[in-house]
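This report describes one protein chain for a reader who is new to structures. Please look at the sequence and the model first, then read on.

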Amino acid sequence: MLQLRKRELEALRPPWLRTPEIKRLMWLRDRTKQIATVTNDQLKWAGYRRLKNQVNHSIKASKKDYYHFYFEDNVGKAKATWNGITTLYYRERETLLRRQN
């Protein structure tokens, strides 16, 4: 298996996940889960659940803003608009298929 460079891995991430705020929240969520798993402290688990919900909310808001500005910038450009619709459709479809398996 080929080893990908950090820059190549970053390019594979969706654009709405590339913000420093979301990266920081995801790192903090993962770190909190590690601590909660080791200590099995209910307060740590509550903090993890709060961070998990905050990360999910931030991702949804960022994705909504990304597509809003994408379609706003591409008004009148049929090809770009359809590329955005196709990308959005297939990302949602892949997510649904992963959840079913």
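## An exposed loop residue

Asn-40 has a relative accessibility of 53%, so Asn-40 counts as exposed. Exposed means over 50% relative accessible area, buried means under 20%, and partly exposed lies in between (1.4 Å probe, protein chains only). Asn-40 sits in the loop between helix 2 and helix 3. The phi of Asn-40 is near 55°, which is a positive value in a residue other than glycine.

## The model and its confidence

This is a predicted model, in which local features need pLDDT of at least 70 and side-chain atom pairs count only at pLDDT 80 or more, while totals for chains, interfaces and linings use all residues. Residues are numbered from 1 along each chain as its sequence is written, and side-chain values use heavy atoms, with hydrogens and water left out.

The pLDDT is the predictor's confidence in each residue, from 0 to 100. The chain has an average pLDDT of 84, and 77% of the residues score at least 70. Among the elements of the chain, the highest mean pLDDT, 96, belongs to helix 2 (residues 20-39), and the lowest, 61, to helix 1 (residues 6-12). Where pLDDT is low, the predicted coordinates should not be read in detail.

## The chain as a whole

The chain contains 4 helices and 0 strands, and its pattern along the sequence is α-α-α-α. Helices (H or I, at least four residues) and strands (E, at least two) are DSSP runs, numbered from the N terminus.

The chain has 101 residues, of which 20% count as buried. A contact means heavy atoms within 4.5 Å. Of the contacts in the chain between residues at least 6 apart in sequence, 42% join residues at least 24 apart.

## Helix 2

At 1.5 Å a residue, the 20 residues of helix 2 should span 28 Å, and the end C-alpha atoms of helix 2 are 28 Å apart, which agrees. The expected span is 1.5 Å times one less than the number of residues in the helix. The buried residues of helix 2 are Ile-22, Leu-25, Met-26, Arg-29, Thr-32 and Ala-36. Seen down the axis of helix 2, these buried residues fall within an arc of 130°, so they line one face of the helix. The arc is that of the directions from the helix axis to the C-beta atoms. An α-helix has 3.6 residues a turn, so residues three or four places apart point the same way.

What do the buried residues of helix 2 pack against? They pack against helix 3. The face of helix 2 turned away from the buried side carries the exposed residues Pro-20, Trp-27 and Val-38.

## The salt bridge

How many salt bridges does the structure hold? The structure holds 1. A salt bridge is a side-chain nitrogen of Lys or Arg within 4 Å of a carboxyl oxygen of Asp or Glu. Here the side chains of Arg-29 and Asp-30 meet, at 3.0 Å from N to O. Arg-29 is buried, because its relative accessible area is 16%. Asp-30 has a relative accessible area of 40%, so Asp-30 is partly exposed.

## Helix 3

The 32 residues of helix 3 should span 46 Å at 1.5 Å a residue, and the end C-alpha atoms of helix 3 are 46 Å apart, which agrees. Among the buried residues of helix 3 are Gly-47, Leu-51, Val-55 and Tyr-67.

Lys-44 lies in helix 3 (residues 42-73) and is partly exposed, because its relative accessibility is 37%. Lys-44 and Thr-32 are 12 residues apart in sequence and 6.9 Å apart in space, C-alpha to C-alpha. Leaving aside neighbours within four places in sequence, Lys-44 is in contact with Thr-32, Ile-35, Ala-36 and Thr-39. Tyr-48, also found in helix 3, is buried, with a relative accessible area of 13%. With neighbours within four places in sequence left aside, Tyr-48 is in contact with Arg-29, Thr-32 and Lys-33.
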